[in-house]
Amino acid sequence: MWLFNSSIGRKVVMSVTGIALILFLTFHGCMNMVALFSEEGYNMICEFLGANWYAVVATMGLAALAVLHIVYAFILTAQNRTARGESRYEVATEVKAGKVEWASKNMLVLGLIICVGLLIHLWNFWYNMMFAELVGAMPAISPTDGFGWIKETFSNPVFVVFYIVWLVAIWFHLSHGFWSAMQTLGVSGKIWLKRWMCIGNIYVTVLMLMFLVVVLAFAFGCAPSLGCC
């Protein structure tokens with residue numbers, strides 16, 4: 001119960017669930033890269049991860065992690081506002097004593113943007129794919145045709161702009177959250193904190209570029225899998 005009732009425990013839950021979600025994003029990003037080069041390969045993955053029992057269980061587990069992360073983010077933000085008044089969620093590090101990152105001061109706003117983006121993303125893909133397959137619905141595009149849903153979604157300029165904004169918000173959130181999680185879990189000292197910041201920035205940047213390149217490639221119709229190269 002310590003993990004859920006104490007401030008430090010809640011931060012540990014936030015850190016562990018955050019790292020787990022980053023690992024999922026890494027898998028998701030690698031999966032999306034397949035769509036750049038092979039329609040058949042991507043749809044094979046989508047079929048494997050369709051409405052199968054193991055995929056449904058994994059989805060439920062992922063949803064639980066996301067809910068825990070979001071709920072504890074709001075709890076910690078409320079606690080920090082109460083403790084610090086108008087200073088909100090600000091964390092000065094040993095590396096930058098007295099200085100607070102922009103992402104740290106705006107984690108709640110970034111989190112809200114990410115939550116809205118997540119709901120829209122679930123509507124565009126999970127609802128039209130796994131959920132449609134589970135309930136036996138037949139949307140305009142087959143629930144197992146993930147490649148078709150990517151083309152459909154990013155043929156809409158509104159969604160393209162939205163996803164770009166969403167990915168930028170996720171980058172800011174993760175670039176702070178990565179090293180912050182390491183700090184909370186006690187695996188960073190004065191030297192390693194700088195290293196985790198550097199590693200985190202590189203890792204998160206590459207990760208978000210994996211998603212961004214798919215959005216832009218399909219938006220401009222220049223993905224090799226579309227037969228344009």
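Trainee: Is Phe48 buried or exposed?

Mentor: This is a predicted model, where local features need pLDDT of at least 70, side-chain atom pairs count only at pLDDT 80 or more, and totals for chains, interfaces and linings use all residues. Residues are numbered from 1 along each chain as its sequence is written, and side-chain values use heavy atoms, with hydrogens and water left out. Buried means under 20% relative accessible area, exposed over 50%, partly exposed in between (1.4 Å probe, protein chains only). Phe48 has a relative accessible area of 53%, so Phe48 is exposed.

Trainee: What kind of aromatic pair do Phe48 and Tyr54 form?

Mentor: Rings of Phe, Tyr and Trp (its six-membered ring) pair if their centres lie within 6.5 Å. Planes under 30 degrees apart count as stacked, over 60 as edge-to-face and the rest as tilted. The centres of Phe48 and Tyr54 are 5.3 Å apart and the planes stand at 40°, so the pair is tilted.

Trainee: Are Phe178 and Trp196 buried or exposed?

Mentor: Their rings make a tilted pair, 6.0 Å centre to centre with 55° between the planes. Phe178 lies in helix 8 and Trp196 in helix 9, 18 residues apart. Both residues are buried.

Trainee: How are helix 6 and helix 8 oriented to each other?

Mentor: Axes are lines fitted to C-alpha atoms, for helices over the stretch in contact, and angles run from 0 to 180 degrees between N-to-C directions. Angles under 35 degrees count as roughly parallel, over 145 as roughly antiparallel, 65 to 115 as roughly perpendicular and the rest as oblique. The two axes come within 9 Å and cross at roughly 135°. Helix 6 and helix 8 are therefore oblique.

Conventions: Helix = DSSP H or I, 4+ residues; strand = E, 2+ residues; numbered from the N terminus.
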